[in-house]
Amino acid sequence: MDTNFTSSQDFLEPQIELTTENINDSNEKITELSKKGYQLLKENDTVEATAAFESILSIEENNNYALVGLGDIARKQNHFNEAISYYNKCLSYYPANNYALFGLADCYKALNQYSKAIDIWQQYLVHDDKNITVITRVADAYRKTRDFKRSKELYLKVLEMENDNPYALIGLGHLSYDFKEYKDALYYWTRIYELHAENSDIRVLTAIGNCHRKLKTFEKGKFYFEKALERDPKNFYALFGLADCYRGIGMQSKSIEYWNKILELDPRNKVILTRAGDAYRTTGNYEYAIEYYNKALEIDFDIYAAIGLALICKCQGKNEEAVQRFEQLIKDDPRNSRLYVDLAECYVQMGKKDVAIKLLEDFLKNDGKNMQIKNLLERLKRQ
């Protein structure tokens, strides 16, 4: 939910004014070209804007407006290293140029060099410590560097300056979600929805839905994913979220419907093939489940698909095959307690309770605190 590209002139329009009545021809020409260049940049005519700024540099080699303008053009085209060179050249002559500082920091942010971006934005704030746009960007950067405390402080500072600032609310939502504080994330994102219910960004809708998924309030989550699908019937995150909500409330047949909608758009999605396989297995439709698991495994090995096939063998009473599958999976993943539980249950179904007990006891030698294994072992010993 990042903000869109912000050029220098959008962020803070350079004030290009004639300072004397007797300004010479070259300065007058520079002024005209500067205004023209920034206007062309606003209109996304980067070719003509570049020509205008380069014309300025032919008159005045280190003109700050031209250097920033060329930096903005390069940044707009995602040529971040080129933009950085323009901004740095400007700053070498004009160290306090806010437009160059702003653009330079945004470039470092785009390159995921958040510490550098923070340093530059902090330099900017020395000159303008009330700029909400910059403070929000600094908060975003601290969030990316996992500095929860500093990030939250700055987002809250923005909300003190501008109640219900959408970028601060969105940022606080992300920050809370990243640190698994799902109720707080839900509060901030729901506030955004309340303010812009009819025009809420689809990403806000899916974010709220995902909070409900994490909190296992699946019925409430469904509402937001359905709203998102009204906006975009093919949105992956909305389809996934709705499918998972139906899974969460035990309506596997409905979850299958949405897993398959995703597969219509992305038929080789291994994760979704496995999810659909799980849903078919849970509803007892083993034939389809096997088909989907095998499709997933044809793409690449997937432990959940492999477990699904082993569980089908177990459910069908094909215990010897199930045992072979679980034993192979344990070789590849010897600490996965779920595999030991299923293997032990297969042994019990085969009348080999003593083998099952030994299997569980051996596991506890390495992980004596595993309650799932302990409980099953105690139950078997009581039988």
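Predicted model: local features only at pLDDT ≥ 70, side-chain atom pairs only at ≥ 80, totals over all residues.
Residues are numbered from 1 along each chain as its sequence is written. Local features need pLDDT of at least 70, side-chain atom pairs count only at pLDDT 80 or more, and totals for chains, interfaces and linings use all residues, while side-chain values use heavy atoms, with hydrogens and water left out.

Let's begin with helix α2 (residues 25–42) and helix α4 (residues 64–76), whose axes come within 10 Å and cross at roughly 15 degrees. That makes α2 roughly parallel to α4, a label for angles under 35 degrees. The crossing of α2 past α4 is left-handed, meaning that the near helix is turned anticlockwise from the far one by less than a right angle. On the α2 side, S34, Y38 and L41 make the contact (heavy atoms within 4.5 Å); α4 contributes Y65, V68, G69, D72, I73 and K76.

Next, look at N98, which lies in helix α6 (residues 98–110). N98 is buried, with a relative accessible area of 17%, where buried means under 20% (1.4 Å probe, protein chains only). Leaving aside residues up to four places away in sequence, N98 touches Y124 and H127.

Finally, turn to helix α20 (residues 337–349), with 13 residues. From its first C-alpha to its last, α20 reaches 19 Å, close to the 18 Å expected at 1.5 Å a residue; the expected span is 1.5 Å times one less than the number of residues. Buried residues in α20 include L339, Y340, L343 and Y347. The cover over the buried residues of α20 includes α18 (303–315), α19 (319–332), α21 (353–366) and α22 (371–382).

Definitions and conventions
Axes fitted to C-alpha atoms, helices over the stretch in contact; angles between N-to-C directions. Helix = DSSP H or I, 4+ residues; strand = E, 2+ residues; numbered from the N terminus. Parallel < 35°, antiparallel > 145°, perpendicular 65-115°, else oblique. Buried < 20%, exposed > 50% of the residue type's maximum accessible area, 1.4 Å probe, protein only.
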